[in-house]
Amino acid sequence: MQFHHHGYVSGDPRIQPAAGVGINRPEELPDEVDVLIVGSGPAGMLAAAQLSQFPDITTRIVERRGGRLAIGQADGIQARSVETFQAFGFAEEITAEAYRITEMAFWKPSPENPKHIVRAARAVDDEMGISEFPHLIVNQARVLDYFARVMAFSPTRMTPDYGYEFSSLDVAETGEYPVSVTLVHTTGELAGQERVVRAKYVVGADGARSKVREAIGCTLAGDQANHAWGVMDVLASTDFPDIRTKCAIQSHDGGSILLIPREGGHLFRMYVDLGVVPENDNGAIRKTTIEQIIAHANQILQPYTLDVRNVAWHSVYEVGHRLTDRFDDVLPEQRDTRTPRVFITGDACHTHSAKAGQGMNVSMQDGFNIGWKLGHVLEGRSPESLLATYSAERQIVAKNLIDFDKEWSTLMAKKPEEFEDPSELEDFYVRTAEFPAGFMTEYAPSMIVAEAKHARLATGFPTGKRFKSAPVQRVCDTNPLHLGHQATADGRWRIYVFADPAEAGAASPTTDFAHWLENSPESPLAATPEGADADAWFDVKVIYQQDHRGININAVPAVFKPEVGPFKLTNLEKVYGTDPKADIFELRGLDRGGVVVVVRPDQYVANVLPLTATAELGAFFAPLLPARRAEPVLAEGHQAEPVQTEGLQSAGTGLVANLV
């Protein structure tokens, strides 16, 4: 964490100075906003937390509840989500209070006495080392609390607006605030009264029964549910030996249980198989009582017993897998004529079982994906066409999730004798570990993901997949750390320059690239607004092949040591050497001749290039950025190159007007 560069900070350094719309932020929901987010679930809160980092964008998030969520239904936190929490600054804290999954136990009927269960196998949760982050279990409400803190500490001082329920919306063809949203007060003296808020963009994060989804004409389509599960969060006395271990439990004739220990050392969740739902059930299965769920759990657990002392929450649900055909308000026949104004995220556009632990995790990545894109468009960094990539990218992810969950939930519902191979369930769990961990997402080529022309230069950083961190050593203070952990959710693109073997500052491809990056009008850095820090839009880091002792930091090119803050202090924390114990060039298959890896604000690799491919890098960013500065700062003895003069259509908030 960096601070003091704007002056001495004596308090909590996580609290950023109020700026832009955060100065004298109105307590009441205003009549006009840039972004209105409907629903304060995981997708909505992450999108809000990301947008809260853009000081000049007015974002408000409305929630029909009167206050914070007390008990959340989701609790599984996959490693990809913990990576995301790291970017938002609370991974260590939430890990400390969470339950950590390290193994999963598989229980099956005893061959000697099929009415009793026995432990048949154990599987390590991350046997392949997919991530340095753990697989956690923690209440959804606590996840939302952490995102609320990020928002409150941000320059915009954002907080949720509780007590508003979405009613309807209308999208006009023209106007600065084309989306008119009708809300209804749900609490206080104004309960039942309507009010209208006008917005430039709306994000619907209002759950499986989404009214925003209905308002834009989307419907969930897919398989009808035919299998029911009772779920309960309980405190109990039991002699079941693996009560604090994640378990898949299959009985001879009573169905199955998925056991998920919860945070705190005592609470646990059980998904209890209630069997196939008859066609003429008419919802009767949903009236199953908690006493019946507990009794059924005891039947499955024989010879062990479960004495439930307290029930924190319980429910009955039927497994269904549904997906919308689009994640925004643009109809297929309108794709070439207009850009989206309304988006849906999370359960509003994809529903599935809870047993794969994916709902909250995938929903948060929906929010991360749309959050930075709205920020860039509204702030004038990128054209409105960027917003069309949200639906294109996330719908495919949701489809893959549903396909995976169908297979996993079907396996969980099978009887032991229905398996061709007795180890089929645990084999599937181990074999597919990368998918539920959140690391199989691979975005297709688009305006923000390049074709993988140079994939051989960085085999450990596949284009379109998340940037997988690795150890490095920071030169200025000799600290060993993870490279990816230094990237915060601040809306910036990352440009990682993995240097050739030459010494820092010597004549080399790395030095040539650094000069181009700093001085060429074709460089993406040339689009940085006048008066802003040199790294305001792009976080450029260099990783040398030597360890920190072999790098003269004074010889490192200036673009890797930008001046920041009102005092123009040199930022020395962007220069790294390799860790002798874990060479990042070896770990990630990086070409020793040098390579540039471009990473999006949501941590996905957008491009991989050789150090000499400056024209390709400039061409990649050209459609995404405003016109370059007319007078780039040049090193002594160099002349300016031709300047781009193309304009940029944008829904920006005035930043573009400040660019020459």
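**Salt bridges and a domain interface**

Let's start with one residue. Arginine 474 is buried, at 10% relative accessibility. Buried means under 20% relative accessible area, exposed means over 50%, and partly exposed lies in between (1.4 Å probe, protein chains only).

A quick word on the source. This is a predicted model: local features need pLDDT of at least 70, side-chain atom pairs count only at pLDDT 80 or more, and totals for chains, interfaces and linings use all residues. Residues are numbered from 1 along each chain as its sequence is written, and side-chain values use heavy atoms, leaving out hydrogens and water.

Back to arginine 474. What does arginine 474 form with glutamate 573? A salt bridge, with the closest N and O atoms 3.4 Å apart. The two residues tie together distant parts of the chain, 99 residues apart. Arginine 474 sits in strand E21 (residues 471–474). Glutamate 573 sits in the loop between strand E26 (569–570) and strand E27 (575–578). Glutamate 573 is partly exposed, at 26%.

Two terms. A salt bridge is a side-chain nitrogen of Lys or Arg within 4 Å of a carboxyl oxygen of Asp or Glu. Helices (H or I, at least four residues) and strands (E, at least two) are DSSP runs, numbered from the N terminus.

By the salt-bridge rule, the count is 45. Here is another: aspartate 145 with arginine 142, at 3.0 Å, N to O. Glutamate 586 is exposed, at 57%. Arginine 592 is partly exposed, at 30%. Shared partners also build one network of Asp490, Arg492, Arg494, Asp535, Asp539, Lys541 and Lys574.

Now the domains. There are three entries: domain 1 (28–72 + 137–220 + 322–412), domain 2 (99–136 + 223–319) and domain 3 (455–622). The bounds come from an automatic or database assignment. The C-alpha centres of domain 1 and domain 3 are 33 Å apart.

The buried area between them is about 960 Å², with 54% from carbon and sulfur atoms. That is accessible area (1.4 Å probe) lost on putting two parts together, summed over both. On the domain 1 side, Phe368, Trp372 and Arg381 supply 55%, more than any other three residues.

How many salt bridges cross this interface? The rule finds 1.
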